[in-house]
Amino acid sequence: MALYEHVFLARQDMSAQQVDALVEQYKGVLEANGGKVGRVENWGLKSLTYRIKKNRKAHYALMDIDAPAAAVHEMERQMRINEDILRYMTIAVEAHEEGPSAMMQKRDRDDRPRDDRGPRRDFGDRGPRPDRGPREGGFERRPREDRA
């Protein structure tokens, strides 16, 4: 069987319990077709970059799947029919990640690598731009006649 990571977006007006029920529903579809679901992460309600079917936010959920392709196709078919699912994406992976996904890892500004030199402030210290001479092709800039 192949390994997959599956993420879906559910409508914003659903509750967290309804999203969990959707996860259980699709987990049942996969198990009925000979697959297994490993890690399940609910990423919560997040803002969308652009509106999808009049929704500005969506509930995100991730599932690690170990299932045959037919089981994944059946799950995706049922997701296309369901009006509560806005988008979904399934990706085949070589191995599932251990531990929490990147979305679940709490990263603060203090965790980022720092540059000890401080902020760059050299952009204003370059001085005037040197003259580049006449343009190629014999074109020269002339003032516009309507502004003279």
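Predicted model: local features only at pLDDT ≥ 70, side-chain atom pairs only at ≥ 80, totals over all residues.

Me: What makes β1 and β3 a pair of strands?

Reply: Two strands pair if at least two bridges are found between them. Here 10 bridges join β1 to β3, and therefore the two strands count as paired.

Me: Which order do the strands of the sheet follow?

Reply: The order is β2-β3-β1-β4, in an open sheet of four strands with antiparallel pairing. From one strand to the next, the twist averages 20°.

Me: Why are β2 and β4 said to stand at the edges?

Reply: β2 and β4 each have a single partner strand, so one side of each is left without a neighbour in the sheet.

Me: How do you know that the buried residues of α1 line one face of the helix?

Reply: The buried residues are Val-19, Leu-22, Val-23, Tyr-26, Lys-27, Val-29 and Leu-30. Seen down the axis of α1, they fall within an arc of 155°, so they line one face. They pack against β1, β2, β3, α2 and β4. On the other side of α1, Gln-17 and Ala-32 are exposed.

Me: How many aromatic pairs are there?

Reply: The count comes to two aromatic pairs.

Me: Why is the pair of Phe-8 and Tyr-26 called edge-to-face?

Reply: Rings pair if their centres lie within 6.5 Å, and planes over 60 degrees apart count as edge-to-face. The centres of Phe-8 and Tyr-26 are 6.4 Å apart and their planes stand at 70°, so the pair is edge-to-face. Phe-8 belongs to strand β1 and Tyr-26 to helix α1, 18 residues apart. Both Phe-8 and Tyr-26 are buried.

Me: What makes the pair of Trp-43 and Tyr-60 stacked?

Reply: Planes under 30 degrees apart count as stacked. Trp-43 and Tyr-60 have 25° between their planes and lie 6.4 Å centre to centre, and therefore the pair is stacked. This pair links distant parts of the chain, with Trp-43 in strand β2 and Tyr-60 in strand β3, 17 residues apart. Trp-43 and Tyr-60 are both buried.

Definitions and conventions: Residues numbered from 1 in each chain as written. Heavy atoms only, no water. Buried < 20%, exposed > 50% of the residue type's maximum accessible area, 1.4 Å probe, protein only. Arc of directions from axis to C-beta. Contact = heavy atoms within 4.5 Å. Phe/Tyr/Trp six-rings, centres within 6.5 Å; stacked < 30°, edge-to-face > 60°. Axes fitted to C-alpha atoms, helices over the stretch in contact; angles between N-to-C directions.
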